[in-house]
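Visitor: I am new to this structure and would like a close look at a single part of it. Could you take me there and then show me how it sits in the rest?

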Amino acid sequence: DEVQHPDATLHAFVVSQPSRAVMWLNLACGAGVSFNSVNLLKGEHKSAEFLKVNPRGQVPAITVGDTSFGESTAIAAYLTSRSGNDAALPDAKKHPAGHANVLYWSRWVQDNVRHPFVQYFINTVFAPALGKTVAEGDALLELIQGVKDALTKWNTALEGKEGVAGP
């Protein structure tokens, strides 16, 4: 029996890295979720309408039937389950350890890798474009070192493994 999925809408902003990740995953795994652009620069994520979707006022978020939730890892899990594609996230019933390990590493990257990248990006791209003060000298070197340290930790943790889901 084929599972029937309710209509789903992904609410995202293309400039947001977590939004882009789930937008690409939606396309790559063929989940067939529709897209709604939420323009952060215009403050649409803080509108009363969007806050009903995600009270935190953050993208990405997804509405599935009468249910809405945020966080890119949760959305990615939903998209892969909806599509039936085990390549990105192994089925929890068939491969529980692989499933849990992908979720673990997804969260680990959010906690350890994404922050230094975002800080570097804000200081080298957004701040100059907006005419804001940017990190220079030692402060900029610290941001670069933060990115290097995060990637070194990740490489060390994955050393000898074929992928995050296991061999």
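Guide: Let's start at L130, which is exposed, with a relative accessible area of 61%; exposed means over 50%, buried under 20%, and partly exposed in between, using a 1.4 Å probe and protein chains only. L130 lies in the loop between helix 4 (96-129) and helix 5 (137-158). Helices (H or I, at least four residues) and strands (E, at least two) are DSSP runs, numbered from the N terminus. This is a predicted model, in which local features need pLDDT of at least 70 and side-chain atom pairs count only at pLDDT 80 or more, while totals for chains, interfaces and linings use all residues. Residues are numbered from 1 along each chain as its sequence is written, and side-chain values use heavy atoms, leaving out hydrogens and water.

Areas come from the Shrake-Rupley method with a 1.4 Å probe, and for residues only the protein chains shown count as cover.

Now step back to the whole protein. Five helices and four strands make up its elements, running β-α-β-α-β-β-α-α-α from the N terminus. The protein exposes about 10600 Å², with 56% supplied by carbon and sulfur atoms. Of its 167 residues, 32% count as buried.
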